[in-house]
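Here are some friendly notes to read with the structure open beside you.

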Amino acid sequence: LTLAAQTYDPEVRKFIMDILGEIRSKKALPCVMKAIEDENENVRLAAVEALGKIGGLEAEQKLMELVNSGNDLVVRFSALHLLGKSGKPLPSEMIERLLKERMFRRAVFEVLGESLSVQSVNFLMEGITDSAKSARQSAIHSLAKIYEKDNSGELRERIERKLKAVINNQNLHLLMEFMQSDHTHIRRDALLLLSLLDNTEVLHYLFSLSLDSSISDDLALVLERLHRRRTDWFKKHLDKEQKEIQEAVKRLLQEELGILSLTAEAKLELSDDEFKEIRDR
């Protein structure tokens, strides 16, 4: 394969890089490293991808080198994402340097969501107040991802604490604006972070969302969590809402609590056909 990679045909060279990446043998590294300088962009990108799949210290160092000092912008972006996929925290000085290049800010915030670390949380907190909306969106998505993945509770607590310090009533719009997005995933991410603020204004806003069926599942989970954490505060402010909103919130809570409290002792009389339909769904 490495001999065949010397062919004049760029499509074949690219295909060989793909195969070497799947084989993941470190013996292929010299060939792959050489292909990173190929005249054809598709071959270069396939070589970088192969480098990420082969892995190991030598491959990692090369990816770092490409991100830090490469001349090819597309290759730099690709190498950065591959380093992120490894889940290892990137060096702080590297992140700081990349964040000074405006075109890399969004990509860096995306990559930071791959590693569960205090360092990632700290940099992402800066990202949610970034002047560029696309960069803020990436930072919000990555923070929500870390919050949901963290089983230790340490990063969750840190995200909650720092979020309350960074977001106040004057800059709530930095999160609120994403609730108008057409993309369900970013609305879900913004909803999660908003629910961590324990802010009265945000709570009333969340109550108003109970009339929006498009995010009812995610909202039910958020409201149940808030109700459980600060019951008296929750009830006090819910009582101030219009009757329609009160009923909608209670319905969402009942649905969420109903799902959570379902036990094996619940008795359902089902025919075989009814059972099969539920199972299939």
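1. A definition to begin with: a residue counts as buried under 20% relative accessible area, as exposed over 50%, and as partly exposed in between. By that rule Asp218, with a relative accessible area of 22%, is partly exposed. Please also keep in mind that this is a predicted model.

2. How confident is the prediction? The mean pLDDT of the protein is 88, and 95% of its residues reach 70 or more. Confidence is highest in helix H1 (residues 10-23), at a mean of 95, and lowest in helix H16 (residues 243-261), at 77. I would point you to residues 259-266, where the pLDDT is below 50. Beyond near neighbours in sequence, that stretch has 1 contact in the model.

3. Now to helix H4 (residues 57-69). Its 13 residues reach 18 Å from the first C-alpha to the last, close to the 18 Å expected at 1.5 Å a residue. Which residues of H4 are buried? They are Ala59, Lys62, Leu63, Met64, Leu66 and Val67. The cover over these buried residues includes helix H2 (29-35), helix H3 (41-54), helix H5 (73-85) and helix H6 (92-99). Note that a lysine, Lys62, is on the buried list.

4. On to charged pairs. Side chains of opposite charge can pair when their charged atoms come close. The count for this model comes to 21 salt bridges. One of them joins Glu22 and Lys53, with the closest N and O atoms 2.6 Å apart. Glu22 lies in helix H1 and Lys53 in helix H3, so this pair ties together parts that are 31 residues apart in sequence. Both ends are partly exposed: Glu22 has a relative accessible area of 49%, and Lys53 has 29%.

5. Arg188 is partly exposed, at a relative accessible area of 35%.

6. Arg228 and Glu224 meet through their side chains at 3.0 Å, N to O. Why can they do so from within one helix? The two are 4 residues apart in H14, so about one helical turn separates them. An α-helix has 3.6 residues a turn, so residues three or four places apart point the same way. Are the two partners buried or exposed? Arg228 counts as exposed at 55% relative accessibility, whereas Glu224 counts as buried at 6%.

7. Glu160, Lys164, Asp198 and Arg229 are linked in a network of salt bridges. Asp198 has another feature to check: its phi is near 50 degrees, a positive value in a residue other than glycine. Asp198 is found in the loop between H12 and helix H13 (200-208).

8. Arg24 is another residue with a positive phi, of about 60 degrees, although it is not a glycine. Arg24 sits in the loop between H1 and H2 and counts as partly exposed at 45% relative accessibility.

9. Finally, the surface. Leu270, Phe275 and Ile278 form a nonpolar patch there, with about 290 Å² of accessible area together. Leu270 is placed in the loop between H16 and helix H17 (272-280), and at 39% relative accessibility Leu270 counts as partly exposed.

Technical notes
Residues are numbered from 1 along each chain as its sequence is written. This is a predicted model: local features need pLDDT of at least 70, side-chain atom pairs count only at pLDDT 80 or more; totals for chains, interfaces and linings use all residues. Side-chain values use heavy atoms; hydrogens and water are left out. pLDDT is the predictor's confidence in each residue, from 0 to 100. Contact means heavy atoms within 4.5 Å. The expected span of a helix is 1.5 Å times one less than its number of residues. Buried means under 20% relative accessible area, exposed over 50%, partly exposed in between (1.4 Å probe, protein chains only). A salt bridge is a side-chain nitrogen of Lys or Arg within 4 Å of a carboxyl oxygen of Asp or Glu. Patches are made of residues with over 30% relative accessible area and no salt bridge: like charges are joined within 9 Å, nonpolar side chains (Val, Leu, Ile, Met, Phe, Trp, Tyr) within 5 Å. Accessible areas come from the Shrake-Rupley method with a 1.4 Å probe; for residues, only the protein chains shown count as cover.
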